[in-house]
Amino acid sequence: MTSFTDSLIELLGGLAWVPENAAGIIFVTVSVLVALPVFLFMTLNAMVAVYMERKVSAFMQDRLGPMEVGIFGFKGGKRFWGGIGQTVADAVKLLGKEDTIPGEADRALFIIGPFILFGAAFATFIGIPIGYGLVISDFNIGIFFVIAISSIGVIGVILAGWASNNKWSLYGAMRSAAQMISYELPVGMSLLLVVMVVGSLQFHDIVMWQEQHRWFLFHSPFTALAFLIFFASGVAEVNRTPFDIPEAESELVAGYMTEYSGFRWSIFFLSEYANMAIIALMSAIIFLGGWLSPLGGLFRTFNLEQSWYFLEGPWWGVFWISIKAIALIFVMMWVRWTWPRLRPDQLMYVAWKVFIPFALANIFFVGIWELLLG
Amino acid sequence: MGAFAFNLVAILVVVTAFWVVTAKNLVHSAVALMGTLFGVAGLYVFLYADFLAAVQVVIYVGGILVLIIFGVMLTQKIATAVVVQSSMPNRFLAGVVVFFLFIGLSSLMFRTPWHRGELVETTGTVATIGTSLLTRYLLHFEVASILLLVALLGAAYLSRREHG
């Protein structure tokens, strides 16, 4: 299976007008061409997700703004597009805000902080496929690459909090670091179990396994539990309610991003929504069959006509994976607007005394299940 | 193209490593160390050790570096602390030692008959590492895990002692 990067290198190397020994030029061109779609995806994702978040919150909490605000006299009322003007107003407001850096802040680290968080989310997308063969670079160590790169984001949070020279920021950064490091463990353990069953770290192999057998969510009770642990810990790693103590508005102003405004603040925002998309995509690929059609098994069972298989083509794969990911993002928003946040000690309790023991026991029981029934 | 990318990674490692030792602020040093550790992970990739590269990032950048930054941050007034506190005689002595060390190491480097192995392109090292850890190196693996368990218990004991 070729990836986007491989095809690009092949294409550029094969062009007649590209001079020989132009390795540097090809390297830079490929890097830019690879980075562009990821960047576009992240920006679009944030725009759509913010709009979606407003609408979900408005429906759940009877908020008026996201239901009514129109644009250019185009009023939606309580419909799907009502409130679309607020997204535009928000973007204009963010870009128009003054970009302030506190006088006592550590300037260099204050500037670097958000970009480390952003860079971690950005680099993670390189390894995540969004369809059959639709991946920037298909690593042998796929899952492990994603876990490794996303573990860097926490450094950006700590630096941003520390460099702001503000006690709320520092508290937020400390809580965030403790939380993100703790919840990395259950995430890793619940993924380990899938890797154990499939015998490969590559996303492609994992989806192929699910095509031959069944989705991991329905494979055994233990993999279903692993999905729950993975998803909940993923939400915690993104620092969203009910795990949003790092920025708890009512106690810490805005946590580690208190001193940020305008463009720099929107980088935090972009990263948060990108991380949400990463968690949703990973859950969809690893536990929900990725780009496989949920109807595929149905058609095969009833021996329907071959023509029905169009629902399983490569482009339908993108459709299915998006539907799954969007549904999971909706669940995250649903949880956010209905549940209160946990206390910091409860949060640590959940991670260390509930998720980690269960995930560990899970690995053991999945092993037994596979030996007896696999 | 590989050579170009390798040069980029090598420059990253050297520049950030230089920054680590010259930075006056400890937190800046720690941040620069991130670049160095990342660059080393990149070097592993060039050796076809993709798994090792990811391990390097997880353990050193995601774990140890976070620990270092934590420790440095929680130290009071770290931003104003002067790291370089050497008098002139000390600096002179250090310079002499470093000079001879440099001479010795580089002569060693140039005299050694470096063995150049054949270039073997491998695809995926994970399976090999996993198999050898659970067969040939099982004892080492278990001893390391017991060592880690002891360290874990020790840390828990030390941090809990004041309550009991």
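Of the contacts in chain A with a separation of 6 or more, 76% link residues 24 or more positions apart; two residues are in contact if their C-beta atoms, placed from the backbone, lie within 7 Å. This is a predicted model, where local features need pLDDT of at least 70 and side-chain atom pairs count only at pLDDT 80 or more, while totals for chains, interfaces and linings use all residues. Residues are numbered from 1 along each chain as its sequence is written, and chains are lettered from A and ligands numbered from 1 in the order in which they are written.

Chain A has 15 helices and zero strands. Both kinds of element are DSSP runs numbered from the N terminus: helices are H or I with at least four residues, strands E with at least two.

Let's look at a pair of helices. In chain A, α8 (residues 167–198) packs against α15 (residues 344–373) at an angle of about 10°, and their axes are 9 Å apart. Axes here are lines fitted to C-alpha atoms, for helices over the stretch in contact, and angles run from 0 to 180 degrees between N-to-C directions. The contact of α8(A) with α15(A) has 19 nonpolar, five polar and two charged residues. Ala, Val, Leu, Ile, Met, Phe, Trp, Tyr, Cys and Pro count as nonpolar, Asp, Glu, Lys and Arg as charged, and the others, Gly among them, as polar.

Next, a loop. A:G289 sits between α12 (262–287) and α13 (296–301) of chain A, and it counts as buried because it has 25 C-beta neighbours inside 10 Å. Leaving aside residues up to four places away in sequence, A:G289 touches A:V207, A:Q210 and A:W215.

Now for the other chain. A:I112, in helix α5 (residues 107–126) of chain A, touches A:L159 and also B:V31, again not counting residues up to four places away in sequence. Overall, 26 residues of chain A are in contact with 24 residues of chain B. On the chain B side, α1 (2–22), α2 (26–46) and α3 (50–74) each supply at least two residues, and α3(B) gives the most, with 12.

Methods:
A residue is buried if 20 or more other C-beta atoms lie within 10 Å of its own, exposed if 12 or fewer, and partly exposed in between; C-beta atoms are placed from the backbone.
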